[in-house]
There are 2 protein chains.
Amino acid sequence: MAKDKMDEVACNACGLDPMCSLLEYGEAGSGVPEGILLRRRPVTRGEKIYLKGDAFYSVFAIKSGSFKSAMTTAGQHEQVVGFHLAGELMGAEGMAQGIYPSTASALEPSQVCELSIDRLPEAGKSLELMQQRIIQLLGQEVAFNHELLTTLVHKRADQRISGFLLNLSNRLKYREMPDTEFSLEMSQSDIGNFLGLANATVSRVLTRLHKSSIIVLKYRGIRILDGDALREIAQG
Amino acid sequence: MAKDKMDEVACNACGLDPMCSLLEYGEAGSGVPEGILLRRRPVTRGEKIYLKGDAFYSVFAIKSGSFKSAMTTAGQHEQVVGFHLAGELMGAEGMAQGIYPSTASALEPSQVCELSIDRLPEAGKSLELMQQRIIQLLGQEVAFNHELLTTLVHKRADQRISGFLLNLSNRLKYREMPDTEFSLEMSQSDIGNFLGLANATVSRVLTRLHKSSIIVLKYRGIRILDGDALREIAQG
DNA sequence: CGCATAATTGACGGTTTTCAAGCACTGTGG
DNA sequence: CCACAGTGCTTGAAAACCGTCAATTATGCG
């Protein structure tokens with residue numbers, strides 16, 4: 001996934017686009033100082049673009065590639081709290097507390113755009129519209145997390161994993177990327193960590209789905225053969 | 001809990017207070033039209049103050065009492081997504097999508113204040129500060145949910161319940177209410193639903209904690225005898 | 001090409017769910 | 001004030017589910 005430019009999301013499919021447009025970035029006379037919006041910085045696999053506890057300064061959009069967000073709990077245990085795909089935003093949760101609540105690291109070579117929120121006032125634009133956009137984003141995040149909670153807390157392993165695969169597929173589809181054949185860049189440990197399952201369980205369930213001809217697994221590549229069956233399993 | 005006025009939170013302990021102050025509500029010449037901020041409406045047990053899917057219009061603060069938020073999943077299954085205590089806000093998640101994503105119902109006779117967000121422009125105040133406050137709230141909600149995820153997903157039943165009790169206790173303490181002896185107004189079914197446990201399991205764990213002299217249970221009243229033990233269990 | 005890391009697979013045990021029955025508490029109406 | 005009904009809570013036994021441990025095989029990076 002995202003090994004070349006073909007897998008880049010277009011600007012108009014990017015979660016940052018409403019803000020970019022608002023800044024009229026790149027248009028003559030927009031008056032936006034340099035350095036407020038940084039376009040397409042490459043990030044290597046494993047690189048962290050912000051750390052849990054860092055002072056908040058920017059919101060990031062994924063131009064290509066994918067990331068995971070993780071935090072360390074009191075008991076020295078790493079907990080993956082989410083995955084982020086091309087076109088999605090990261091870091092907006094940090095705006096509230098002034099610090100990033102989790103660490104974002106790249107699952108593969110990726111590219112990000114960065115919007116320096118703390119330098120926005122220099123842009124001379126009214127903050128109002130920008131804030132409305134942030135509110136929208138955070139609201140979506142809250143809704144998403146509620147849904148996630150619903151999905152995780154009650155369901156069995158096969159339901160969680162089916163739901164997880166469908167969720168990825170839906171998000172890819174939303175950004176107009178291939179949604180029935182894609183790559184799971186995160187390790188099975190990461191998936192298990194996120195879903196609250198042992199990685200042996202993740203492997204077993206994926207194998208079972210494969211043997212039932214619902215998906216095809218080839219290393220980290222996955223093809224969804226029978227989305228309806230997945231949906232049925234996910235709902236339980 | 002909250003059977004009389006003594007259990008009311010003071011305005012300065014209320015989550016809505018920063019907004020009330022912003023509106024200079026009640027001060028002479030504040031120019032805030034009537035009906036934008038409604039103070040202390042009584043709500044009966046079981047009453048719903050907004051329904052999932054309702055058009056968003058207000059943010060609510062709990063002056064006294066407690067509520068639960070629930071939504072119905074695709075599979076006709078009710079899912080409790082949170083509990084709300086005196087001093088806390090409800091409904092801000094609805095601002096993003098324009099509709100309330102869950103239904104809020106009172107667990108006991110309660111009192112709420114209501115801020116009509118959709119009539120705020122009439123107040124003639126700058127939206128900017130208000131929006132910043134909302135962003136802060138939503139960010140807290142996201143952070144809280146991440147923490148919740150961490151708490152729920154990997155842990156065993158006794159860890160979940162210990163964490164749940166500690167969470168309630170901490171939130172009560174934050175609002176300066178009794179935090180070692182309080183009432184669980186929600187049913188064990190609600191707790192189990194929220195934590196992803198069968199209610200038989202909730203009962204068994206609570207009984208076990210009681211027998212270990214870590215808590216005292218008397219009907220719905222609970223006293224935490226050994227908070228350290230709870231914390232130890234919660235962490236695993 | 002080899003080593004480190006990740007995934008698979010089996011056996012086993014612990015935890016939780018389910019089902020079911022009995023009990024306790026609450027609130028209602030007589 | 002008491003009887004009664006309804007609901008929620010407790011508790012037992014059996015089974016399903018998942019985690020842990022561990023050995024083996026595969027993969028990918030240098």
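How many residues of domain 1 of chain A are in contact with how many residues of domain 2 of chain A? In this predicted model, local features need pLDDT of at least 70 and side-chain atom pairs count only at pLDDT 80 or more, while totals for chains, interfaces and linings use all residues. Residues are numbered from 1 along each chain as its sequence is written, and chains are lettered from A and ligands numbered from 1 in the order in which they are written.

Chain A is assigned domain 1 (5–142) and domain 2 (153–235), the bounds coming from an automatic or database domain assignment. The centres of the two domains, taken over C-alpha atoms, are separated by 26 Å. The contact involves 13 residues of domain 1 and 10 residues of domain 2, with contact meaning that C-beta atoms, placed from the backbone, lie within 7 Å. On the side of domain 1 that touches domain 2, strand 4 (66–72) and strand 5 (78–85) of chain A each supply at least two residues, and strand 5 gives the most, with 5 residues; helices (H or I, at least four residues) and strands (E, at least two) are DSSP runs numbered from the N terminus. That side of domain 1 comprises 7 nonpolar, 3 polar and 3 charged residues, where Ala, Val, Leu, Ile, Met, Phe, Trp, Tyr, Cys and Pro count as nonpolar, Asp, Glu, Lys and Arg as charged, and the others, Gly among them, as polar.

In chain B, helix 4 (residues 157–174) packs with helix 6 (residues 199–211) at an angle of about 75°, their axes being 10 Å apart; axes are lines fitted to C-alpha atoms, for helices over the stretch in contact, and angles run from 0 to 180 degrees between N-to-C directions. The two helices are therefore roughly perpendicular to each other, a term applied to angles of 65 to 115 degrees. Helix 4 contributes B:Ala157, B:Asp158 and B:Ile161 to the contact, and helix 6 contributes B:Thr201, B:Val202, B:Val205 and B:Leu206.

Notes
Contact = placed C-beta atoms within 7 Å. Parallel < 35°, antiparallel > 145°, perpendicular 65-115°, else oblique.
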